[in-house]
Amino acid sequence: MALLEAKNLGISFGGLRAVDDFNIKIEKGSLYGLIGPNGAGKTTVFNLLTGVYKPTEGIITLDGKDVTGKKTIEINQAGIARTFQNIRLFKDLSVIDNVKVGLHNHMSYSTVTGILRLPKYYKVEKQMTEEAMELLKVFGLEEEAETLADNLPYGKQRKLEIARALATKPKLLLLDEPAAGMNPNETLELMETIRFVREHFDMTILLIEHDMKLVGGICEELTVLNFGRVLCQGKTSDVLNNPEVIKAYLGE
Ligand SMILES: Nc1ncnc2c1ncn2[C@@H]1O[C@H](COP(=O)(O)OP(=O)(O)OP(=O)(O)O)[C@@H](O)[C@H]1O
């Protein structure tokens, strides 16, 4: 059984059919890419998968469980976490507090426990600090734990966003243009990070990316969107050599 399956997903904005009859199956442990020209509907697919938009048609199942139309928080708790095209960290919080926000999804205490600082508060906070530091170490960010997120260099902000998403303990991680704004060296490092995340966390990853080096270098399977519809899907090498894809997407 696929970890994620979307069947016949569709959504319109006014008269625009942003996503139409979208189907995808992602096996557990795979590194999967969603590509396509600007405005093809890729981010809209992420917004559908994460409950930002409710599909007008179609079904989404995660690990066999129907999550169609659920709220973003419910979908996150069911096991889908994401990063954004434009980094969305809590810029005024420290690096470690950004990760702790993610941990709060599954480790918590009641408001009363928090206000009264009951023993459980200290126990859970200590545990969260330890878990957050472990995650920061994985991403080489432990030295910057107390730095304001806004003061991190760009590449590290991207890593922190991934760390925060992983803190919610997802089954599926969605990365929206993780290499956007990166120089070639940063992109190479990011590719290593993504591979590492897959191995270390036994993670399934779906990413949107325009950088073909990254896509060709790390994704095993691809879906190409064009004008909201699936143009082609399959093994990365087959898809990238498909003349339709080259014509529509690579402009050659
Ligand atoms: N909330 C919205 N309201 C109206 N139109 C929208 C909305 N969200 C997306 N669209 C439109 O839907 C289409 C698909 O947009 P989307 O952002 O999903 O494309 P994309 O493939 O992610 O593009 P890019 O690669 O440029 O990020 C575009 O025409 C966009 O303008």
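Figure 1. 14 residues of domain 1 are in contact with nine residues of domain 2, where contact requires C-beta atoms, placed from the backbone, to lie within 7 Å. On the side of domain 1 that touches domain 2, helix 2 (72-78) and helix 7 (184-200) are the elements that give two or more residues. Helix 7 gives the most to this side, with six residues. By class, this side of domain 1 holds seven nonpolar, five polar and two charged residues. Nonpolar stands for Ala, Val, Leu, Ile, Met, Phe, Trp, Tyr, Cys and Pro, charged for Asp, Glu, Lys and Arg, and polar for the others, Gly among them. The model is predicted: local features need pLDDT of at least 70 and side-chain atom pairs count only at pLDDT 80 or more, while totals for chains, interfaces and linings use all residues. Residues are numbered from 1 along each chain as its sequence is written.

**Figure 2. Domain layout.** Domain 1 covers 1-79 + 170-252 and domain 2 covers 88-167; the bounds come from an automatic or database domain assignment. Their C-alpha centres lie 27 Å apart.

**Figure 3. Shell around the ligand.** The ligand is surrounded by F13, L16, A18, G36, N38, G39, A40, G41, K42, T43 and T44, a residue being near a molecule if its C-beta atom, placed from the backbone, lies within 6 Å of it. Strand 2 (16-26) and helix 1 (42-49) are the elements that give two or more residues to this shell. Helix 1 gives the most, with three residues. The shell divides into four nonpolar, six polar and one charged.

Figure 4. Helices (H or I, at least four residues) and strands (E, at least two) are DSSP runs, numbered from the N terminus, and two strands pair if DSSP finds at least two bridges between them. Strand 3 (residues 31-35) pairs with strand 9 (residues 221-226) in the parallel sense over four bridges; Y32 stands opposite E221 in strand 9. Strand 9 and strand 10 (residues 229-235) run antiparallel and are joined by six bridges, with L222 opposite G234 in strand 10. The hairpin of strand 9 and strand 10 has two residues between them, and F227 in the turn has a positive phi of about 50°.

**Figure 5. Strands 1, 4 and 5.** Strand 1 (residues 4-13) and strand 4 (residues 57-62) pair in the antiparallel sense over five bridges, and A6 has I60 in strand 4 as its bridge partner. Strand 4 runs antiparallel to strand 5 (residues 65-66), with two bridges joining them; the bridge partner of L62 in strand 5 is K65. Strand 4 and strand 5 form a hairpin with two residues between them, and D63 in the turn has a positive phi of about 55°.

How values were computed: Two residues are in contact if their C-beta atoms, placed from the backbone, lie within 7 Å.
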